[in-house]
Amino acid sequence: MIRNQKIKSNSALLVLALLTVQFASVSYAQDSGISLNWKDADIRIVVEAVSEATGKNFILDPRVTGKVNLLSSAPMSKDAFYEAFLSILQVHGYIAVESGDLVKILPDATARQFPSQFGTANAAGPDDMATQVIQVKNVGATQLVPILRPLIPQYGHMVAHAGSNMLIISDRAANLARMVSIIRRIDMASDDDIEVVSLQNASATEIVRIMTALTQTQRADSGPVTTSLVADARTNSVLIGGDKTARLRLRTLIAHLDTPLEDGGDTQVRYLRYADAEELATKLQTHFSNQAIATSATGQAAGAASPSSVSVWADTQTNAIVANAPPKLMRSLMQIVDRLDIRRAQVLVEAIIVEVIADENNQFGVTWAVEGSGTNAPIAVTNFPSTPGVVQLGTAASGGAISGDLIGSGITVGVGRLSDSGVSFAAILTAIEGDANTNIISTPSIVTTDNEEATLNVGQEVPFVTGSFSNTGGTAGAVNPFQTINREQIGVKLSITPQINDGDSMMLTISQEISNIAQSSAGAVDLITNQRTVDTTVIVDDGEILVLGGLIEDTLLESDQFVPVLGKIPLLGNLFRSRKTEKKKTNLMIFIRAEIMRDAAETSFQTNAKYKMIRDVQKDRESDSIQLMPGVARPMIPPLPEAQAQPLESQSDGSE
């Protein structure tokens, strides 16, 4: 109950946040955060909402106008909300400049005219404006300005001080840190005609290909190319030849290109948490191979990254994939891995099989025999298959033994007269009434992962005779008979494949079979089996019980055997009649209950509940002593570890 209340509370806070944003305010709760849904909202109203949520004071430049669109799929904290607001300002060409307790929102074109942080280390975030003075030691600062100026946005500023050979740069902290890294790579002492530039992140061969294409394009109409580029694959270095100014320009571009990628280089090793490395590597390789075929059919620009250059293989020992691909395709590949390497939800399925059988039968019959004087040949006799006969009993009695099969069940009453002279007669009356009630409940349960088939089989293997053979051979005429036997499984079989849908419903593909040996059969030959099978696909909600099918059968069997004509005589005809009536009513229902276990806490709760249930059953019998073994304790599963049992106790306390 508490869990449902918490979900409703969070949903209410989310709805409140969505509604209040439309009125230029933001609702914030400590347990849920801030949820945004801005569509064509005026930026000034957005600033009011940010001020209300963060408690900051803002001053807006009159030139700050525009419409804002922002959607958040998950609640954000106050700090994350403010960072998102700064990103909105950057997208719309504005910047927030802090001045004491106030925050000025200005067009970024004038941002450099206002005081900013000195150095990237003092910046509060990557989007804050910062200014840094960089000392250049080996290259002229004025030479770097025309080369590096295209890397600075319009609102940024770069100027060189020739007297001290310094560069002064004003820009956002993230781009400023990138510019400092590029300048440090360029500012190297080199007076030789050939320079060697060692690369750390990019491929030397790829850099030379790009730079060669660039220089040939720029010098196609203005004269011959005065520089040369050579790649050394062994050391991953680029050799630059030419005049000093041209080498400086190429070295600057190479330093700009030799920056680390967000997702690594051309080869990456990715350790998987949940997915199977071998299976995933095969799928990824097939995916990019199909893309390569489609690309070759439609044509591809020269020099572009080709899917055919992607190579993926699996290391089964560490459950990792090793991927080799160009940077663009590498990012696409890793995005696919991120979506597939997730913890899949599990499903607990419990089948409830209820079978109630009521069986009633009544039987009444009379058999008799009359024998002539001393002839030992009967004059008249009656015999019915379901009633013990007088002749069979007399034959068995003369042999000195009467079996129980001849007497039958129920009550058997016999009367008669046996004489050496005169007429002998005997009569047997049999009556029986039986009631049988059967109540069977089976609850097999199984846990499986989403979209994975699971099978549960609880039963026995019963032998069925399928044939026999006898072989007579040898001088002594020995017989060596043998029989062929086929074993079949009898019991409960449950096969299920769940598919979790959007929300709390799931589609289940179920195959359920219940089989047992009929009670009328005994032994392992010529057995009769009862079988009940359900094959279906259903949709069920999380935690709900659904009926899969059932059988309601009402059977009435009446048997009446009598002697023609004599059996129709009123009252007296009962001496020439045997009756049997059997009524059987069967009620069979099969139910299914499925519950989604999305995380480790729900899985632990269900496991602990089953574990505790079976342990309580053992504890109830713990006090019973073992016969003929005094002092010997009954076996019992150990208690749950304290760390694992804690979630079960917490859940139980909350539900109460």
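The structure is a predicted model, in which local features need pLDDT of at least 70 and side-chain atom pairs count only at pLDDT 80 or more, while totals for chains, interfaces and linings use all residues. Residues are numbered from 1 along each chain as its sequence is written, and side-chain values use heavy atoms, with hydrogens and water left out.

**Figure 1. Overview of the protein.** The protein contains 13 helices and 28 strands, where helices (H or I, at least four residues) and strands (E, at least two) are DSSP runs numbered from the N terminus. Of its 656 residues, 33% are buried; buried means under 20% relative accessible area, exposed means over 50%, and partly exposed lies in between (1.4 Å probe, protein chains only). The accessible surface comes to about 39000 Å², and carbon and sulfur atoms hold 53% of that surface, with areas taken from the Shrake-Rupley method using a 1.4 Å probe and, for residues, only the protein chains shown counting as cover. Among contacts with a separation of 6 or more, 63% are between residues 24 or more positions apart, a contact being heavy atoms within 4.5 Å.

Figure 2. With a relative accessibility of 16%, E350 counts as buried. Leaving aside residues up to four places away in sequence, E350 touches P444, S445, F591, I592, R593 and K610. The side chains of E350 and K610 meet in a salt bridge at 2.4 Å, N to O, a salt bridge being a side-chain nitrogen of Lys or Arg within 4 Å of a carboxyl oxygen of Asp or Glu. Because E350 lies in strand β16 (residues 346-371) and K610 in helix α12 (residues 600-620), the pair ties together parts that are 260 residues apart in sequence. K610 is partly exposed, with a relative accessible area of 35%, and a network of salt bridges links E350, R593, E595 and K610.

**Figure 3. Helix α12.** The end C-alpha atoms of α12 are 30 Å apart, in agreement with the 30 Å that its 21 residues should span at 1.5 Å a residue, the expected span being 1.5 Å times one less than the number of residues. The buried residues of this helix are E602, T603, S604, Q606, N608 and R615.

**Figure 4. Salt bridges of E195.** By the rule for salt bridges, the count comes to 13. One of them joins E195 to R247, with the closest N and O atoms 2.9 Å apart; E195 lies in strand β10 (residues 194-198) and R247 in helix α7 (residues 244-257), so this pair ties together parts that are 52 residues apart in sequence. E195 also forms a salt bridge with R251, at 2.5 Å from N to O, and here strand β10 and helix α7 are linked through residues 56 positions apart. Both E195 and R247 are buried, E195 having a relative accessible area of 5%, and R251 is likewise buried, with 4%.

**Figure 5. The open sheet of β13, β15 and β14.** An open sheet is formed by 3 strands in the order β13-β15-β14, with antiparallel pairing, where two strands pair if DSSP finds at least two bridges between them. Because β13 (267-271) and β14 (311-315) stand at the edges, each with a single partner strand, one side of each is left without a neighbour in the sheet. The twist averages 20 degrees from one strand to the next. Strand β15 (residues 320-324) is joined to β14 by 5 bridges, and A314 has I321 in β15 as its bridge partner. Helix α9 (residues 327-340) lies across β13, β14 and β15 and runs at about 5 degrees to β13; axes are lines fitted to C-alpha atoms, for helices over the stretch in contact, and angles run from 0 to 180 degrees between N-to-C directions.

**Figure 6. The hairpin of β11 and β12.** Strands β11 (residues 228-232) and β12 (residues 237-241) pair in the antiparallel sense over 5 bridges, and V230 stands opposite L239 in β12. The two strands form a hairpin with 4 residues between them, and N236 in the turn has a positive phi of about 50 degrees.
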